[in-house]
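Visitor: I am new to this structure. Could you show it to me and take my questions one by one?

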Amino acid sequence: MPQKKYTLPNTGKSHSTIKSPRVKKVYKCINCNRHFNPNKNEKCYFHNKAPMCDGLRTNNAYDRVIYPCCGKVQIGYDPILEKTQGCIVNDSHFLSN
Ligand SMILES: [Zn+2]
Ligand SMILES: [Zn+2]
């Protein structure tokens, strides 16, 4: 039986298209993808493998997103209802540029 592969669907939402009334520099971590304050850097928890989804349910609360690096399961896809803590910890966030 051929194995079916599922990829995460594009929700069509892009934060970059939302125009902010004020120009504010956003610092985004390349590891955890979270915004952070570089003057107040803190520990960074992240997964080093892309999450896998076993197919979206009709109800977001039933969606399960699995991180193959540690096997942790996140509940909900959009919005995320139960976030998992990253299995890899860095002392600080990393800036992408
Ligand atoms: Zn992980
Ligand atoms: Zn980070």
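Visitor: Is Glu 82 buried or exposed?
Guide: In this predicted model, residues are numbered from 1 along each chain as its sequence is written, and chains are lettered from A and ligands numbered from 1 in the order in which they are written. Local features need pLDDT of at least 70, side-chain atom pairs count only at pLDDT 80 or more, and totals for chains, interfaces and linings use all residues. A residue is buried if 20 or more other C-beta atoms lie within 10 Å of its own, exposed if 12 or fewer, and partly exposed in between, with C-beta atoms placed from the backbone. Glu 82 has 11 other C-beta atoms within 10 Å, so Glu 82 is exposed.

Visitor: Where does Glu 82 sit, and which residues is it in contact with, leaving aside neighbours within four places in sequence?
Guide: Glu 82 belongs to the loop between β4 and β5. Strands (E, at least two residues) and helices (H or I, at least four) are DSSP runs, numbered from the N terminus. Contact is defined by C-beta atoms, placed from the backbone, that lie within 7 Å. Leaving aside neighbours within four places in sequence, the partners of Glu 82 are Gln 74, Ile 75 and Gly 76.

Visitor: Is Thr 84 exposed or partly exposed?
Guide: Thr 84 is found in the loop between β4 and β5. Inside 10 Å there are 18 C-beta neighbours, so Thr 84 counts as partly exposed.

Visitor: How many Å lie between the C-alpha atoms of Thr 84 and Gln 74?
Guide: Leaving aside neighbours within four places in sequence, Thr 84 is in contact with Tyr 67, Lys 72, Val 73 and Gln 74. Thr 84 and Gln 74 are ten residues apart in sequence. From C-alpha to C-alpha, the distance is 5.6 Å.

Visitor: What is the C-alpha separation of Pro 79 and Ala 61?
Guide: The two are 18 residues apart along the chain. Their C-alpha atoms are separated by 8.8 Å.

Visitor: What is the strand order in the open sheet?
Guide: The protein has zero helices and five strands. Two strands pair if DSSP finds at least two bridges between them. Three strands form the open sheet, with antiparallel pairing, in the order β2-β3-β4.

Visitor: Which strands stand at the edges of that sheet?
Guide: An edge strand here has a single partner strand, so one of its sides is left without a neighbour in the sheet. The strands at the edges are β2 (52-53) and β4 (73-75).

Visitor: Which residue in β3 stands opposite Met 52?
Guide: β2 and β3 (residues 64-66) pair over two bridges in the antiparallel sense. Opposite Met 52 stands Ile 66.

Visitor: What is phi of Asn 33?
Guide: Asn 33 is found in the segment before β1 (44-46). With 10 C-beta neighbours inside 10 Å, it counts as exposed. Its phi is positive, in a residue other than glycine, and near 65 degrees.

Visitor: In which strand is confidence highest?
Guide: pLDDT is the predictor's confidence in each residue, from 0 to 100. The protein's mean pLDDT is 84, and 77% of its residues reach 70 or more. Confidence is lowest in β2, at a mean of 88, and at 97 it is highest in β5.

Conventions
Contact = placed C-beta atoms within 7 Å.
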